[in-house]
Amino acid sequence: MTRLPRRRPRALILLAAAGLLLAACSATDTTAGAGQDSAVPDPGTGHLHGLGVDPADGAVYAAGHHGVFRLDGGEALRVADRYQDTMGFTVTGPSTFLAGGHPAPAGPEARSPHLGLIRSTDAGRTWQTLSAEGEADFHSLVQAGKVLYGFDSQSGRVWAGTDGGRSWDKRAKVEAFDLAVHPDSTETVWVANGTGLQRSTDGGRTFRPVPSAPAVVAVEEPHPGRLVALTADGRTLTAEGDRRWTQVGRLPGGGEATVLTAVSARRLLAADNTDAVYESADGGRTWSALHRPTTGQEHH
């Protein structure tokens, strides 16, 4: 699961707020929750950065500007009363999530404006820092077998690691909204950048544009060489070997598409900039709404 250049003003605002708070407080516990004054209206999910399904129980999770949420019966239930800006979100195993992003400005983990790589092994209730705290702002994370790829918006580079994200090799500099890698072909990395698609065949060390690709903002590779992607206007596209792009469907909400996750080749999750979440059970041909924000809780 999610980060786009159009999201940078939001991140800069958050960084400024977090920077002011650093001078006023300090903390050491990175697993404690960060609540919000009950007198303040709940802000909802905020802009959504990532989606995933927990194989432990099949629950759908959404990571947003105001926390991690379990989607249940059309509601988005904030996990553990945490308000951290959770970006680059991906589910890597039962109850196991990886993410990047920024701490809640009033949260105890606000030692730095950048969380680096963090991991939860209890479905988002608590998080531990693995690496790059204060350095990396991961806007996209992809676990492909033993290789973890991340796009760091601070350096503008693709990072790669083989030890679960504890250490990294910093590779090519590239404009990226989203990364895609299949576990059976870990040297092939796809990058959606909003104006097209780029491909690396050397593990993200170099990239070349894909001439036939449309302007996609999110991409997944559910099977080797089988791509599914979203355009900003919500069109769902598929391609075999990056050629013969075919529109198979469209998100129904009318918002600007931002996030795409392939749970399988047929089951897809998506979100748009209205903070709505959609699900497809037929490879993107048709979509149904899993969650729509309530009036007054849309933050972009």
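Start by selecting T236, which is buried, with a relative accessible area of 0%. The model on screen is predicted. T236 belongs to strand β19, residues 235-240. Show what surrounds T236: beyond the neighbours within four places in sequence, the contacts are V228, A229, L230, T246, Q247, V248, G249, R250, G283, G284 and W287.

**The four-stranded sheet**

Next, select β9 to β12. These strands make an open sheet in the order β9-β10-β11-β12, with antiparallel pairing. At the edges are β9 (138-144) and β12 (169-173), each of which pairs on one side only. From one strand to the next, the twist averages 20 degrees.

Zoom in on β10 (residues 147-152) and β11 (residues 157-161), an antiparallel pair with five bridges. Here F151 stands opposite V158 in β11. The two strands form a hairpin with four residues between them, and in the turn G156 has a positive phi of about 70 degrees.

Is β11 mostly covered or mostly open? It is mostly covered, since four of the five residues in β11 are buried. On to the next strand: β11 and β12 run antiparallel and are joined by three bridges. Select A160 to find its bridge partner in β12, D169.

**Salt bridges**

K170 is in strand β12 and E135 in the loop between β8 (128-131) and β9, so the pair ties together parts 35 residues apart in sequence. K170 is partly exposed at 44% relative accessible area, and E135 is partly exposed at 38%.

Now move to R78 and D42, whose side chains form a salt bridge (2.8 Å, N to O). This pair links distant parts of the chain, 36 residues apart: R78 is in strand β4 (residues 75-78), and D42 is in the loop between α1 (8-22) and β1 (48-53). R78 counts as buried because its relative accessibility is 17%, and buried means under 20%. D42 is partly exposed at 35%.

For the last stop, select D57 and R70, joined by a salt bridge (2.9 Å, N to O). D57 sits in the loop between β1 and β2 (60-64) and R70 in strand β3 (residues 67-72), so parts 13 residues apart in sequence are tied together. D57 is partly exposed, at 44%, and R70 counts as partly exposed at 29%. Over the whole structure, a search finds nine salt bridges.

Notes: Residues numbered from 1 in each chain as written. Predicted model: local features only at pLDDT ≥ 70, side-chain atom pairs only at ≥ 80, totals over all residues. Heavy atoms only, no water. Buried < 20%, exposed > 50% of the residue type's maximum accessible area, 1.4 Å probe, protein only. Contact = heavy atoms within 4.5 Å. Pairing = 2+ DSSP bridges. Axes fitted to C-alpha atoms, helices over the stretch in contact; angles between N-to-C directions. Salt bridge = Lys/Arg side-chain N within 4 Å of Asp/Glu carboxyl O.
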